[in-house]
Every structure is written in C-alpha cells, then in structure tokens.
Amino acid sequence: QVQPVESGGGLVQAGGSLRLSCAASGRTFINYVVGWFRQAPGKEREFVGAISWSGASTLYADSVKGRFTISRDNAKNTVLLQMNVLKPEDTAVYYCARGRYNWLRGSSADYDYWGQGTQVTVSS
C-alpha cells in the first residue's frame with residue numbers, strides 16, 4: 001500500500017474546466033472510499049468530495065456541488081475529479097486520499113494514504 005498520485009492540474013481562466021486524476025497502485029483503493037481535498041496557502045485543508053467503492057454514492061461540499069463530479073474506474077485504480085465552471089476561489093493544491101471507513105465522510109482525519117497534490121490555479 002503506497003500513496004496515490006494526482007495529476008491534471010494547471011492554469012485555467014474563470015469559467016473553464018479541468019479534469020484531475022488520482023492513480024493508485026496495487027490494492028490501495030480496493031474496497032475503499034476515495035476522497036478529494038484542497039488547500040490554499042495559509043488556509044486549512046478542506047473537503048471537496050468523496051466516492052464510494054462501487055461508485056454508486058458520492059458526497060460533495062456545498063461550494064462545489066453542481067460544478068464538480070467525482071467518478072472512478074476500479075479496473076484502472078483511478079478516481080477522477082471533473083471540475084467545471086471554475087472560480088478563482090477554487091485555486092488550491094488538490095489532494096486525493098483513501099478513506100478509513102466504507103461510508104462517505106468529509107473530515108481529513110478519516111482518510112489515509114494521501115497523495116502529494118496537484119496545483120490548480122484559476123485566474124479572474
């Protein structure tokens with residue numbers, strides 16, 4: 001069990017879109033919830049959303065609901081975060097992590113095996 005790897009970050013104008021990918025190795029994500037978090041400089045890490053093992057259930061923060069979509073392809077050990085209608089306040093380093101429980105939770109303390117993050121910058 002090793003840390004996942006995020007990719008897909010970059011610079012985008014407000015109103016644009018990005019798709020982030022979270023790739024795991026081995027059996028790291030098998031039977032586990034996966035969550036997305038973000039952290040801006042000087043701020044606390046905040047919950048973005050999470051997805052169940054089957055992909056049937058998702059949970060989103062109010063700030064991104066209706067704009068972001070989480071999906072997963074378990075055959076590829078990959079979880080995606082599709083981000084649409086991006087706003088400057090979405091600027092942050094985005095992290096994915098494995099959940100400690102098999103139900104959806106919004107606290108960073110309930111996740112382990114964190115990735116190193118990928119930078120998303122949204123210009124005005």
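Arginine 67 and aspartate 90 form a salt bridge, with their closest N and O atoms 2.8 Å apart. A salt bridge here is a side-chain nitrogen of Lys or Arg within 4 Å of a carboxyl oxygen of Asp or Glu. The two residues come from distant parts of the chain: arginine 67 sits in the loop between strand S6 (58–60) and S7, aspartate 90 in the loop between S8 and S9, 23 residues apart. Strands (E, at least two residues) are DSSP runs, numbered from the N terminus.

This is a predicted model, so local features need pLDDT of at least 70 and side-chain atom pairs count only at pLDDT 80 or more, while totals for chains, interfaces and linings use all residues. Residues are numbered from 1 along each chain as its sequence is written, and side-chain values use heavy atoms, with hydrogens and water left out.

Is aspartate 90 buried or exposed? Aspartate 90 counts as buried, at 1% relative accessibility. Buried means under 20% relative accessible area, exposed over 50%, and partly exposed in between (1.4 Å probe, protein chains only). Arginine 67 is buried too.

Aspartate 90 has another partner. Arginine 38 forms a salt bridge with aspartate 90, and the closest N and O atoms are 2.8 Å apart. Arginine 38 belongs to strand S4 and aspartate 90 to the loop between S8 and S9, so this pair ties together parts 52 residues apart in sequence. Arginine 38 is buried, with a relative accessible area of 4%. Glu46 joins in as well: Arg38, Glu46, Arg67 and Asp90 are linked in a network of salt bridges.

The whole structure holds six salt bridges. One of them joins aspartate 62 and lysine 65, at 3.4 Å from N to O. Here both residues are exposed.

Next, the aromatic rings. Rings of Phe, Tyr and Trp (its six-membered ring) pair if their centres lie within 6.5 Å; planes under 30 degrees apart count as stacked, over 60 as edge-to-face and the rest as tilted. The structure has four such pairs. Phenylalanine 37 and phenylalanine 47 make an edge-to-face pair, 5.5 Å centre to centre, with 70 degrees between the planes. Phenylalanine 37 lies in strand S4 and phenylalanine 47 in strand S5, ten residues apart. Phenylalanine 37 is buried at a relative accessible area of 1%, and phenylalanine 47 is buried at 14%.

Which residue forms an edge-to-face pair with phenylalanine 37 at 5.0 Å centre to centre? That is tyrosine 111, with 75 degrees between the planes. Tyrosine 111 lies in strand S10 (residues 111–112), 74 residues from phenylalanine 37. Phe37, Phe47, Tyr111 and Trp114 form one aromatic cluster.

Rings can also meet charges. A charge sits over a ring if NZ of Lys or CZ of Arg is within 6 Å of the ring centre and within 35 degrees of the ring normal. Arginine 45 lies over the face of tyrosine 95, 4.0 Å from the ring centre. Arginine 98 lies over the face of tyrosine 32, at 3.8 Å.

In soluble globular proteins, nonpolar side chains tend to be buried together. A nonpolar core is a set of buried Ala, Val, Leu, Ile, Met, Phe, Trp, Tyr and Cys residues joined through side-chain atoms within 4.5 Å. The largest one has 34 residues, and among those touching the most other members are Trp36, Leu81 and Tyr111. Strands supplying at least two residues each include S3 (18–23), S4 (34–39) and S9 (92–99). S9 gives the largest share, six residues. Leucine 81 has contacts (heavy atoms within 4.5 Å) beyond its neighbours within four places in sequence, including Leu18, Trp36, Phe68 and Tyr94.

Conventions: Helices (H or I, at least four residues) and strands (E, at least two) are DSSP runs, numbered from the N terminus.
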